[in-house]
Amino acid sequence: MKYITGYHGTSKSAAKQIIEEQKFTLSKKNTEWLGTGVYFYPNYSDALEWNDINEHAILHSVICVNENEVIDLSNAKGKALLHNCKQILKATLDDEIVKQLDNIEERQCYVCNFLWKANPKIKVIIGEFPTERSVFTTLTDERKFRKEFCVRESKYISTIDNISIVER
């Protein structure tokens, strides 16, 4: 069994509801970096930095999954799986669907949702993303990156604690 600590930034009112129900609602927006799920950062400071709501809360959770149910898109195995999903989509998607995916976030979400669907044993996807937008797109990216992970279903989240309410 693998135990993953995660920090989730949200509004104070949403945090209250999550704690009362002891359950997260899956984020289903079509621009989610890692597809549909519940999002966490492994570091408190990243959850705090990401969440720019004036009055917000940071929740602490423990996610329990088997080692083989986690895929990290920043390592060789994860990159290969992501590449295979992109190749399948490239071969099977028609141009009309591609045209509907307006921006990079929608395309990323579509690919990750396909990855989830094609690999039902995966419960957690980990990704690394830049902390800021790039002015220049080059082959080498010198920006700071941070890890983020998405849990496919709320039932794998065993603990939910409110650890801070921050007012800015």
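Tutor: Let us begin with Phe-149, which counts as buried at 3% relative accessibility. Buried means under 20% relative accessible area, exposed over 50%, and partly exposed in between, with a 1.4 Å probe and protein chains only. This is a predicted model, in which local features need pLDDT of at least 70 and side-chain atom pairs count only at pLDDT 80 or more, while totals for chains, interfaces and linings use all residues. Residues are numbered from 1 along each chain as its sequence is written, and side-chain values use heavy atoms, leaving out hydrogens and water.

Student: How are the rings of Phe-40 and Phe-149 placed?

Tutor: Rings of Phe, Tyr and Trp (its six-membered ring) pair if their centres lie within 6.5 Å; planes under 30 degrees apart count as stacked, over 60 as edge-to-face and the rest as tilted. The centres of Phe-40 and Phe-149 are 5.6 Å apart and their planes stand at 20 degrees, so this pair is stacked. Phe-40 is buried as well, with a relative accessible area of 0%. Ring pairs also join Phe-24 with Phe-40 and Phe-149 in a cluster.

Student: Which residues touch the most other members of the largest nonpolar core?

Tutor: In soluble globular proteins, nonpolar side chains tend to be buried together. A nonpolar core is a set of buried Ala, Val, Leu, Ile, Met, Phe, Trp, Tyr and Cys residues joined through side-chain atoms within 4.5 Å. Here the largest one has 18 residues, and those touching the most other members are Phe-24, Phe-40, Ile-63, Val-124, Phe-149, Val-151 and Ile-157.
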